[in-house]
Amino acid sequence: MAAEIINEISEWLQKGRAKNVKALVEEALEQGIDPKEILNEGLLAGMMIVGGKFKRNEVFVPEVLVAARAMTAGITILEPKLVEIGNEPLGKAVIGTVKGDLHDIGKNLVAMMLKGAGFEIIDLGTDVDADTFIAKAEEAGADVICMSALLTTTMPYMKDVIDALNEKGLRDKYVVMVGGAPVTSDFAEQIGADYYTADATTAAEVAKAAIAERK
Amino acid sequence: MKDFYLLEGLKVQLKMEHVLHAIDCNPDSPVYEEMVDEYLEIYKDMEAFAEPVGILGVGSLSEAAATEEYPAGTKVVYAVLSVGDKIKQCSTEAFAKGDYVRGMLCDAIADNALFSLEDKMLEKLREMCAERNVGILRRLEAPHDISMKVQKDAWEHLKLKERLGIDITCGYMLDPVKTSCQVFVLTEDKEVFRAQHDCSKCPNLNCKFRNVEDRKAVKVTVRKGDGCRDISLEKDESLMDALIREGYYISAACGGKGRCGKCKICVLEGQADISSEDRGFFSKEELEQGWRLSCMLYPRENLTISFELNDESQFEAISEYRKDKITETEATSYNDAAKDSDGLYDIAIDIGTTTLAFQLLDKAGGNVCSTVSAVNNQRRYGADVVSRMQASIDGKKAELKESIQADLRNGISRLLKESGVNLKQIDTIAIGCNTTMGHLLLGYDCRSLGVYPFTPVNIRLTEGSMSEVLGMDGDAGVVVLPGISTFVGGDIVAGLYACDFDKNDDICLLVDLGTNGEMALGNSGKIMVTSTAAGPAFEGGNISCGMGSVAGAICSVKLEGAKANVRTIKDEAPLGICGTGVVEAVSELLREELLDETGLLEEDYFEEGFPLAKTSEGKNISLTQKDIRELQLAKAAVRAGIETLILRYGIEKKQVAKIYLAGGFGYRLDTAKAIAIGMIPEEFADRIEAVGNSCLAGVVKYLTADESGAEVLKKLVQVSEEINLSMDVDFNENYMEAMMFE
């Protein structure tokens, strides 16, 4: 019974039907199903399937967006219960576009997929300087720092952030991930980042794997 | 000259299909409907979200921004456009709340809104270039063409912070993020205008709108009656262009700009995107039925379509004119004269913007032996001279020339065939036409016609060989009659000649009631000429149910109360309404007081228009409020032109001895009705004469007169003085006044 309704939640989420997802999550809670199970096996599992399909070009951005919107609808219902039972997220990630750069769509999509992988997201927005990245990561007790840059003129600032982490002796505390149109894995290596990924789905997978490795 | 210009009246124009396409959402997407719903939700608030601004200014490249090709000091124009911060804020907020659909759409909408400002910017850029006598060599976009630092230069130079509240980041990004900055390299060669974005040079290879490789080959099946025909579309080709290329006659009155609605087709099979122009023209039901404007349709998949051929090939060309002074022996048996196989003949041709008229004249007697008329097939490139000019500038110069040459060759051979005369017997072919038609025929560059100070390439009497001018073999000499200016061409000079302006001591007025509304006032000593952009309303253009003067067009209207009795050309079942019908309908509505003096229809007819008749399919043919406004604009232009000419000439209306109305519309027009709507002053009522095709008459006179026609025409041009009404204070005042129905 529990498996059935959770499966249904995943199915409706993949179709992007927020209303159905919301109703089913409510119903599952009423049935007394563990909120953690609803989250992980229903919502997040569904989201990972959509992410995988997206990576294989089986679905396109719009399908992912409506699925993620449905996920939000489900999580909104679930959140108070999760807090109640003291559920810990998979990990915490601070994310932002670096100083001087105002592009945010790529960053937003990565945040969306990270959330879908079970991360708690602290989104710092755009034009974020090194001090803010570090202060917020420390404050939240984050595991991952994600940086985005879309311009060759702003890309070098990622190194400034990593240098600042090194200076403060905090570098090893965090998994540092970078991305954005002009960024390459060579560049990531040069500046001492841990990972570069080309798309949002891969970013979520890599972050998940990195956390698993650490724990 | 100012060193910077703020763009005024900017409005964003969204294309839903572009917005959705930008995020990979095409009509076959399983979530298409959801995306459309969300799009419309955002679109509702667009007015409040978008805050478009733009600025252009001349500057020069700094050391920091210089490239190898363009060193420091290179003269450039900086252009900055922005849609403000609000719309982007909406996107950020939505993402933060987990509403990813809305977030992504807001962002894509902001991009689309920003692109939509580009036309206005380019328009201003063109003006700036014209003003400074320079051209645009290249468009540079940071960061791929030029360093991002150039944005800092633009920001400082244009004082973006003070003027538009735009900031710049340390990474040289302009803030708000949905702000674009272009750099245009200037050149002294004013003929060049390479200001458009060049996809082939753009590094954004994943762009959904990249337009470099060949678009997937698309096949369109045209179904007409029982037959089908496949045509394939070339890259960047609209469906309308393809149909024209394949020989279908499409009357694109607006020149394919999505404004006239005459190129509509119905998609029977396949999905066709809906353009914003389509939304303006068709109801929801019609869109669902598949109606689209073919000029705005760039099919992305195979389609099957059908369309009603708007057959205007029977356009009634007026070749009649007052003959009393020209051919006195009209009764001569033409065929007898023509059978003289040794005799010599001349051909007179009038190239009108819409129609062509040809006449064969026997040289000995000066008699008209045969008359032929035809449609000017250049019409497919636009109904009026301005759209033809634009088409020529946009790279269709050779096509336009070939089109008119083919029409002329056709007309000439029909003329010869009808009268049994051999081409070898033709001595002279004389042509009268307006300046644009002349330029298109002779293959001149039309660019200078369209921009201040509107200088024609050549409007002197021009002689050439048949192969040069008509692209056909033959020994006859070809003459194109001289004009006065870009706006008052050889057709009017011929008309003046036909109406004896060269001999008259009395002051007379010649008015050509066409799109360009040329008019001339004067006598043998002094003539003042002008043109007023009357627009296409007299020819049924821009009228919702409007059509040319062809069979089935309502040409006469009588009202009994609110009941309309109409008459159509050739008494066929009504299809639409032509110019004279519009004039009659309006004058009747005034008489019945269903229309007030400001031109406002009775409230009952406000929404749907005033019904005049029904087509055989039961569709209403109505005159809408907008149609009445169109007529008001046209008639006010004519009236104000007449008033202003009289004022400038320094006479009074009663001193005008004769009023000649030229052109097909003038020929068919009931002058009492024209007076009733205030198009022509009441004082002229007893002295109006419709002279028909006065251009053709003038060309015939040139060929048959004993005197040297060339000398007379030259003198007419010499004594003519052109008045520019667009800057004339009196004209503008008269125009406003003439708009009323009083």
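These legends describe close-up views of a predicted model.

**View 1. A six-stranded open sheet in chain B.** The strands follow the order β28-β27-β19-β20-β21-β29, and their pairing is mixed. β28 (688–692) and β29 (720–722) of chain B form the edges; each has a single partner strand, so one side of each lacks a neighbour in the sheet. On average, neighbouring strands are turned by 20° against each other, direction ignored.

**View 2. The pairing of β19 and β20 in chain B.** Strand β19 (residues 508–512) and strand β20 (residues 518–522) are antiparallel and share four bridges. Within this pair, B:L510 is opposite B:A520.

**View 3. Helices α17 and α19 of chain B on the sheet.** Helix α17 (residues 490–498) lies across β19, β20, β21 (527–531) and β29, at about 140° to β19(B). Helix α19 (residues 625–649) touches β19, β20 and β21, and its direction makes about 25° with that of β20(B).

View 4. The side chains of A:D194 and A:R171 meet at 3.0 Å, N to O. A:D194 is partly exposed at 36% relative accessibility, whereas A:R171 is buried at 9%.

**View 5. The salt bridge of B:E131 and B:R132.** Their closest N and O atoms are 3.4 Å apart. B:E131 is partly exposed, with a relative accessible area of 43%, and B:R132 is also partly exposed, at 22%. Elsewhere, salt bridges with shared partners join A:D104, B:K88, B:D107, B:D111 and B:K178 into one network.

Technical notes:
Residues numbered from 1 in each chain as written. Chains lettered and ligands numbered in written order. Predicted model: local features only at pLDDT ≥ 70, side-chain atom pairs only at ≥ 80, totals over all residues. Heavy atoms only, no water. Pairing = 2+ DSSP bridges. Helix = DSSP H or I, 4+ residues; strand = E, 2+ residues; numbered from the N terminus. Axes fitted to C-alpha atoms, helices over the stretch in contact; angles between N-to-C directions. Contact = heavy atoms within 4.5 Å. Salt bridge = Lys/Arg side-chain N within 4 Å of Asp/Glu carboxyl O. Buried < 20%, exposed > 50% of the residue type's maximum accessible area, 1.4 Å probe, protein only.
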